[in-house]
Amino acid sequence: MKLFTCPTCAQPLYFETMTCASCGMRLGYDTNQNVVLPVHLEDGQWRTQALPEGQKHLCVNAKHEACNWLVPPGDENGFCIACRHNRMIPDLSIPDNLLHWRRIEAAKHRLFYTLLRLRLPLVTRRESDDGLAFDFLASTGTAAERVMTGHASGLITLNVAEADDSERERQRRNMGEPYRTLLGHFRHEIAHYYWDRLVSQSDVIDRFRELFGDERADYGEALKRHYAEGPPADWQDRFITSYASAHPWEDFAETWAHYFHMVDTLETAAEFGLRLRPRDAKGADLATAVNFDPHDAEIDRVIDAWLPLTFAVNSINRSMGQADLYPFVLAPAVILKLAFIHDVIRDVNELGTRDDAQGALRAVVAGLKRSINSPPQ
């Protein structure tokens with residue numbers, strides 16, 4: 001994530017900041033320029049000053065304090081590029097629903113930030129029957145009407161209870177998921193959407209099956225087996241999470257989500273100018289400078305920076321008596337899967353480019369096998 005600053009007073013800002021705490025300026029995020037702009041109230045609407053393309057205004061959902069993105073001039077929809085994909089939102093007359101929905105939108109907008117930075121295609125439900133849409137629903141309490149988070153034909157459904165910290169922690173323990181977050185949910189579910197659009201009917205399907213397995217295996221039976229028997233004993237040698245071992249679709253989704261974790265975190269590290277230079281000479285392999293844009297970098301550079309960075313942040317967490325911030329292992333097989341996703345995103349239509357990148361990556365993986373994920377204990 002880019003480090004944003006207030007255009008009026010240069011105060012550093014979080015991405016979700018709607019009003020600068022330093023100067024009080026109301027702000028709006030411009031997706032075209034990837035900057036925040038000052039907005040002022042004009043005729044009951046928050047607008048920017050005149051721009052070359054005209055005045056932009058805040059998304060309709062700004063009135064609920066659920067969005068700080070700008071809408072292009074002349075857009076009659078009124079919703080920003082992220083909010084226009086919402087199909088259903090919870091009943092906002094219920095106070096908890098409003099609070100939870102705001103948290104959900106904050107995570108969803110971070111998802112869309114990465115989708116835009118990676119230049120992935122975005123199609124709404126209005127544009128196509130299988131376009132991307134979101135339903136944010138609250139369960140009624142009865143088992144028959146329990147909302148299940150998931151994806152189906154472009155529609156991503158999220159139970160708003162996931163925005164409740166205590167409920168999400170309960171689910172995390174019950175499901176054995178060490179990294180259950182709202183943002184993680186979005187990155188996982190969007191992977192299913194892009195698998196349908198970029199992989200399932202493309203010329204990379206054979207390569208997908210070589211790396212992830214045959215997705216034509218019965219999905220329902222695979223999940224039953226996973227929950228009944230658990231993951232294979234050697235799952236960490238082949239999968240990024242235990243759930244990824246359940247079925248090739250879930251393997252792809254978990255790996256895709258992880259790729260998004262990596263590029264977003266590395267961009268944040270680059271924005272802060274992070275450099276690692278361990279004092280111990282034996283830690284020379286952990287030295288790195290995160291001084292590149294991971295959205296446009298080659299996968300070997302992403303991996304080379306990621307491993308030292310995660311060891312460093314885990315060490316800092318342990319110094320605070322906290323669990324590892326990054327409780328994952330990147331086995332060589334997982335790196336090849338990450339490379340597949342990287343290449344599909346970069347250019348799904350240029351098979352030759354992807355094959356060249358895969359060949360180069362195998363050499364990188366061979367070099368990493370001696371030291372990957374085996375830092376000093």
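Two strands count as paired if DSSP finds at least two bridges between them; strands (E, at least two residues) and helices (H or I, at least four) are DSSP runs, numbered from the N terminus.

What you have open is a predicted model, where local features need pLDDT of at least 70, side-chain atom pairs count only at pLDDT 80 or more, and totals for chains, interfaces and linings use all residues. Residues are numbered from 1 along each chain as its sequence is written, and side-chain values use heavy atoms, with hydrogens and water left out.

**Stop one: the sheet.** Select residues 133–137 (β10) and 155–159 (β12): these strands run parallel, joined by five bridges. Click Phe-136 and look across to Leu-158, its bridge partner in β12. Now show the whole open sheet, four strands in the order β9-β10-β12-β11 with mixed pairing. β9 (86–88) and β11 (150–152) are at the edges with a single partner strand each, so one side of each has no neighbour in the sheet.

**Stop two: the loop at Thr-48.** Pick Thr-48, in the loop between β6 (45–47) and β7 (57–58). Thr-48 is buried (under 20% relative accessible area; exposed is over 50%, partly exposed in between, 1.4 Å probe, protein chains only), at 1%. Beyond four places in sequence, its contacts (heavy atoms within 4.5 Å) include Leu-37, His-40 and Leu-70.

**Stop three: the cores.** A nonpolar core is a set of buried Ala, Val, Leu, Ile, Met, Phe, Trp, Tyr and Cys residues joined through side-chain atoms within 4.5 Å. In the largest, with 86 residues, select Val-199, Phe-252, Trp-256, Leu-330 and Phe-340, which touch the most other members. Then colour helix α3 (182–199), the top contributor with ten residues.
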